[in-house]
Amino acid sequence: MTDIQKDRVLIFDTTLRDGEQSPGATMTHDEKLEIAELLDDMGVDIIEAGFPIASEGDFRAVSEIAERSKNSVICGLARAQLPDIDRCAEAVKKSARPRIHTFIGTSPLHRAIPNLTQDEMAERIHETVTHARNLVDNVQWSPMDATRTEWDYLCRVVEIAIKAGATTINIPDTVGYTAPVESADLIKRLIETVPGADEIVFATHCHNDLGMATANALAAVAGGARQIECTINGLGERAGNTALEEVVMALKVRGDIMPYTTGIDTKKIMHISRRVSTVSGFVVQPNKAIVGKNAFAHESGIHQDGMLKNAETFEIMRPEDVGISGTSLPLGKHSGRAALRAKLKDLGVDVGDNQLKDIFVRFKDLADRKKEVFDDDILALVSTTGEGEEHLKLVNLKVVCGTGGQAEAELEMEINGDDVTAICKGDGPVDATFKAVRDLHPNKAKLQLYQVQAVTAGTDAQATVSVKLEEDGVISTGQSADTDTVVASAKAYIQALNRLIVRREKVGPGVDTKEISYRDVT
Ligand code: KIV
Ligand code: ZN
């Protein structure tokens, strides 16, 4: 093994190839270029940019990424067929560091598909890897479904690929079947057994069908692999691939037992995670390790109290290390007095002990009834007059909508005691209604969230509408329920605007109240 392989693990990102193979995760050309740029910039060693023979679009994306990338090796995927490999070479040729990744399914089940005997397949591997190596210096070869391939045959084909010039041998656990002990053992035995294995890099490519992809990848590194194949957010076929953010942070946090480094700038993790989630349309589950919304959020009183005293009580890594500005202590029914006081301070409200006691009782009562307690709920609790004066009131709403034209809303409101009416058209009844509200009460609040939820089943169900507005960094929410979704929408929107007005009166503009950071309050 060369020096660099001893403690440096190469990160091979396949978000744009295996990740894009997730049903429904297709990205546009420009989105692929953007993600590739972010991967390059964050220090990914090898970007698998696509499967050039698969489509004209894939070919274009791989060639443009190859041309633009600054540091990463740009790799394209090719089946064990000469035209695939030629097309791949053509696509990656503009990269300063091109790689061809060619593969063939070597397990009995996969050999049966092209109906090749072991000898015929061995011959095909020799021919295709040799061909690829004649086109580029950097060739990766994968025996697909390696973890279900007979041991002797696996050793034989890996040896053939090495002799034919492969510089990286990837061992895919294509169906996510392997367990960590096997993953480590397989790589270790291959390195010990196959002639020439110490001259090349072994890679691990794990799928997450049994939820073991990250564990298997790290175990493979312990066994001697020095390239991890992974995707942002664990995107990929079926249950996905090893998540880049998980392996990279595991190596960083547990360097004591896994003394390997990567070239990843971990502070860029959160941004790329959000972009991949947006462009792929795959929402990240809130409790997803590292990049989930709750990964650095603590709700229970004991945890919040601990966090306010010493972050290490409940955090093994700093949110800043993955690009999040601070820990979030969302208030809910499990929160304690310390967190409430910290939140009030963050909102610019100083209260004495007695007042805090009183607010805390009302806060617990509210939190029992409400899933999430927002900043403006807290401010409403502080105010002795509850929500405060209602500057804007809905008086009447009539909407005409349907096929054959734009929707029209006729809205009557009371604004600071005056009765006013507006008629507006829009793309649908809600848009027309919100336009009418803005016509009567011009404002620059941006609609950040509009969500409708049916509370009960049936066409007469009560709909709960939630609206989130943002104005100069200040967030305000409104929620309303009605059997008429448009009426609920109007009421929720007006409530959010009212709260924004009250908020402006209480704390002034420009107070960043989006998230509470324990670092800001200690
Ligand atoms: O999962 C797999 O086996 C693959 C190969 C193409 C490497 O993605
Ligand atoms: Zn795969």
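Which residues coordinate the zinc ion (ligand 2), and at what distances? Asp18 (OD), His205 (NE2) and His207 (NE2) coordinate the zinc ion (ligand 2), at 2.0 to 2.1 Å. Donors here are N, O and S atoms within 2.8 Å of the metal (3.2 Å for Na, K and Ca), and water is not among the atoms, so sites may look incomplete.

A quick word on the model. It is a predicted one, where local features need pLDDT of at least 70 and side-chain atom pairs count only at pLDDT 80 or more, while totals for chains, interfaces and linings use all residues. Residues are numbered from 1 along each chain as its sequence is written, chains are lettered from A and ligands numbered from 1 in the order in which they are written, and side-chain values use heavy atoms, with hydrogens and water left out.

Back to the zinc. Along the chain, its donors follow the spacing D-x186-H-x1-H. Helices (H or I, at least four residues) and strands (E, at least two) are DSSP runs, numbered from the N terminus. Asp18 and His205 are both buried, meaning under 20% relative accessible area, with exposed over 50% and partly exposed in between (1.4 Å probe, protein chains only).

Now for the aromatic rings. Rings of Phe, Tyr and Trp (its six-membered ring) pair if their centres lie within 6.5 Å; planes under 30 degrees apart count as stacked, over 60 as edge-to-face and the rest as tilted. That rule gives four aromatic pairs. One of them is Phe51 with Phe103, edge-to-face, at 6.5 Å centre to centre and 65° between the planes. This pair also links distant parts of the chain, with Phe51 in the loop between β2 (46-50) and α3 (56-68) and Phe103 in strand β4 (residues 98-105). Both of these Phe residues are buried. Phe360 and Phe363 form a tilted pair, 6.0 Å centre to centre with 35° between the planes. They share helix α14 (residues 353-369), three residues apart, about one turn of the helix.

Ser335 touches Phe360 and Phe363, among others (contact means heavy atoms within 4.5 Å). Ser335 sits in the loop between α12 (301-309) and α13 (337-346), and is buried, with a relative accessible area of 1%.

Note on methods
Lists of a residue's contacts leave out its neighbours within four places in sequence.
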